[in-house]
Amino acid sequence: MRNILVTGAGGSLGSAVVEKFKREGYQVIGLLRPNSGEESEESDYTYEVDVTDENSVSEFVKEYQMQYGELDAVAMIVGGFAMGSIEETTQKDLLDMFHLNFLSAFNIVKGFLPLMKKQQNGTFLFVGARPALQPADAKGTLAYSLSKKIVISLSEILAEEVKGTDIRTHVFVPSIIDTPANREAMPDSDFSKWVNPADIAEAMHYAVNTPSLRQMTFKLYGGV
């Protein structure tokens, strides 16, 4: 049985990733925010874990290894968005985005990297953002863009650390994802130009199941 761990399994993108891998025969372990009321009915098993807290992740890693053993892939979906130019952004804004977007990925990587090194294989799936690659798009989203930029840097550093093994690392960089929350926040936008979560899930499945892809950045801009 192939295992994939999906953080943020209760969100729009997380649900799409869970559904795709479940259809393809994976055993899906979904992580949800504690006390959030979120659900992930498609996941085979779910746990409430604060992935921004290193101690919570460390305890879960122990539980995971006892229950499931090996890990084929982990999709780090947890994240958040915030507006704000340089002048509008506070130190708290920066720390909030760093906490939610970067630490949620870093703690999972740190926790599960020893297991994947022991296996000598596995795939880490990161989610970046177009403004992290295109500064012109980052002008009004400073804290968000910077936090996503260091997520991309983490994936690159990780790729260097695992050279010589079959551990792989991929980053998926969407523009605006078509989710109910984004539609509500930007009701006058052309939703047809946004990225469908299912398309990101398809790209993740392709990356996991194509061993020849060692380290890739998948740009999914949806025609925006």
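Predicted model: local features only at pLDDT ≥ 70, side-chain atom pairs only at ≥ 80, totals over all residues.
Figure 1. Asp137, by contrast, counts as partly exposed, at 30% relative accessibility.

**Figure 2. The salt bridge between Asp44 and Lys22.** The closest N and O atoms of Asp44 and Lys22 are 3.6 Å apart, and the two residues form a salt bridge. Asp44 belongs to the loop between strand 2 (27-32) and strand 3 (45-48), whereas Lys22 belongs to helix 1 (residues 12-23), so the pair ties together parts that are 22 residues apart in sequence. Both residues are partly exposed: Asp44 has a relative accessible area of 33%, and Lys22 has one of 31%.

**Figure 3. The salt bridge between Arg33 and Glu38.** The side chains of Arg33 and Glu38 meet at an N to O distance of 3.1 Å. Glu38 is partly exposed, with a relative accessible area of 25%.

Figure 4. Glu70 is found in the loop that runs between helix 2 (54-68) and strand 4 (73-76). Its relative accessibility is 54%, and Glu70 therefore counts as exposed, the threshold for that class being over 50%. When neighbours within four places in sequence are left aside, the contacts of Glu70 are Asn3, Tyr64 and Gln119. Glu70 and Ile4 are separated by 66 residues in sequence, and their C-alpha atoms lie 9.4 Å apart in space.

**Figure 5. The largest pocket and its lining.** The volume of the largest pocket is about 1,200 Å³. Its lining comprises 43 residues, and those nearest the centre of the pocket are Gly79, Gly80, Phe81, Tyr144 and Asn182. At least two lining residues are supplied by each of helix 1, strand 2, helix 3 (91-119), helix 4 (130-133), helix 5 (142-161) and helix 6 (180-185). Helix 6 provides the largest share, with four residues. By residue class, the lining of the largest pocket divides into 22 nonpolar, 15 polar and six charged residues.

Figure 6. Seven helices and seven strands make up the secondary structure of the protein. Along the sequence these elements follow the pattern β-α-β-β-α-β-α-β-α-α-β-α-α-β. The radius of gyration is 17 Å, which agrees with the value near 17 Å that a compact globule of 224 residues would have. Taken along the principal axes, the C-alpha atoms fill a box of roughly 45 × 40 × 30 Å. Of the 224 residues in the protein, 49% are buried. Among contacts between residues at least 6 apart in sequence, 68% join residues at least 24 apart.

Notes. Residues numbered from 1 in each chain as written. Heavy atoms only, no water. Buried < 20%, exposed > 50% of the residue type's maximum accessible area, 1.4 Å probe, protein only. Contact = heavy atoms within 4.5 Å. Salt bridge = Lys/Arg side-chain N within 4 Å of Asp/Glu carboxyl O. 1 Å grid on protein atoms, 1.4 Å probe; cavity = no way out; pocket = protein on both sides within 12 Å on 5 of 7 lines; lining within 4 Å. Points joined across faces, edges and corners; volume = space filled by probe spheres on them. Nonpolar A, V, L, I, M, F, W, Y, C, P; charged D, E, K, R; others polar. Rg over C-alpha atoms; globule rule 2.2 N^0.38 Å.
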